[in-house]
Every structure is written in structure tokens, then in C-alpha cells.
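Q: Could you walk me through this structure and tell me what stands behind the terms you use?
A: Gladly, here it is.
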Amino acid sequence: MARTDRRDGAPIIATMRVLVAEDDPGLRDLLASGLSERGYQVDAVERGDDAVDQLKQYEYDVAVLDWRMPGLPGIEVVGWIRRNGRSTAILMLTARDTTSDRVEGLDAGADDYLVKPFNFEELLARIRALQRRPRGVDAPVLTKGQVALDPARREVTLAGRPLALTATEYNILELLMRRSPTVVDRRSIAEHGWRDETDPLGSNAIDVQLSRLRAKLPTAGIRIVTVRGAGYRLEES
């Protein structure tokens, strides 16, 4: 559901997830806090290889990538996104402002290009423009057992029939399916499952949500296993 940006009145999507990869700590914090204030769910990293690790775990609607980063340069992160068929919209940030640089970035798969220094309101406008663009490639559907999860549509089916999940149940199931069969710790579940100010780590909220999720998957061909002292793992049964 769309809500209104309280500063400029522009509609945004409350569940829009944005990855910010920028090695300048001051700029990274500014982007993360500014986007979070406007309702975006933001993950921020300082290295290109960390950006790829995040992209392996989550589906992002928009990635804001610095060109020059330790680990991997932004241009290589762009290449990884496109080689893996991700539909993430990409906004490149860079001090490189020649025509050849712009062409290189766009040809690599970036959707837009913003030269430093820039105005934050312009960055917001460009992100909104990217949100409105139709994406040419849908995110791959995740399948485990009889369950199919479509990240692009945020829909889940069980044996071909729609499965009704709350937003938190959906977020947790997506994370467990992406990480399967590895163990997912409680902090990761808390960070991915709750997209508001709730702190589920200090309560039994995670256990309650997992219990409800398990109850909806008795014939799904998958099971959520508790790994004591470590977290949870999704297995095909």
C-alpha cells in the first residue's frame, strides 16, 4: 500500500527495500537515515563484496551503488546483479562525470547515474522514477517442497493454491527459503521479519510467528527446524 512522504508529499511504497553501498561513512549514514525517514526499508554496507552478500540473501527494489568501493567496485556489483537475472533497479553514485564513464555504467546494466556531489531531494526523485519504471526481468520464484514464493508479487502458493500469510510471516518464510538449508539466526529473522520499530529479540514474538507459520505448512513438503542455540533452518521433508 502506498503512503505519503511526509516531507515532499510524494507517494512511496511502505515495503520498498533499498540497498545502499557507499564506502564514505558520512554519506552512507546520511542516505540510510534519510531514506529510512521516508519509509524505505534500508540496508547499508560499505564494501562491494558486502553488497553482493546482501543481494544473495534479499530481493531489493532499488540498489544505490557507489562506483568506487573496497572489495568490489560498483560496476562489478552491477554486473553481478544483471548476470543473476535480478530485477533490482540500479542507481550509480560516482564522481566520474565524463560521457564515457556514464556510457560504461549504463552499458553495464545501471538504470540511472548521479554525479557527486548531489542534492538528496534529486536522489529521492530519481529513486521514485526508477520505482515507476516497468522492470524487464522478474525476480526468480523460490520453490521448496510444495511451496512457491514469488518475490516480485509477494505471493505464496501451496500446491498451486494461494497461501494467506501476514507480512511478517511472508518476510520470515522468504528469508528461510533463500537461506535453506543453512541455519538462520534469530537476529537475522528479527531484522528481515519486522519492518517497523518493533524489537522482537527481547520477547517471544519470533517463536509465536514461527509457530503460526508452521501451522500453515503441515502438508507443504517442508519443515522449519529449531537448531538450539543457533536459530532455525528450513528443510524439505
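Q: Where does Pro 181 lie?
A: Pro 181 lies in the loop between α6 (167-179) and α7 (186-193). Helices here are DSSP runs of H or I with at least four residues, strands are runs of E with at least two, and both are numbered from the N terminus. A cis peptide bond, with omega of about 5 degrees, joins Ser 180 and Pro 181.

Q: What kind of model is this, and how are residues numbered?
A: This is a predicted model, in which local features need pLDDT of at least 70, side-chain atom pairs count only at pLDDT 80 or more, and totals for chains, interfaces and linings use all residues. Residues are numbered from 1 along each chain as its sequence is written, and side-chain values use heavy atoms, with hydrogens and water left out.

Q: Why is Ala 159 called exposed?
A: Exposed means over 50% relative accessible area, buried under 20%, and partly exposed in between (1.4 Å probe, protein chains only). Ala 159 has 52%, so Ala 159 is exposed. This residue lies in the loop between β10 (155-158) and β11 (161-162), and its phi is near 55 degrees, a positive value in a residue other than glycine.

Q: What makes β6 and β7 a pair?
A: Two strands pair if DSSP finds at least two bridges between them. Strand β6 (residues 89-94) and β7 have four bridges in the parallel sense, so they pair. Leu 93 has Leu 114 in β7 as its bridge partner.
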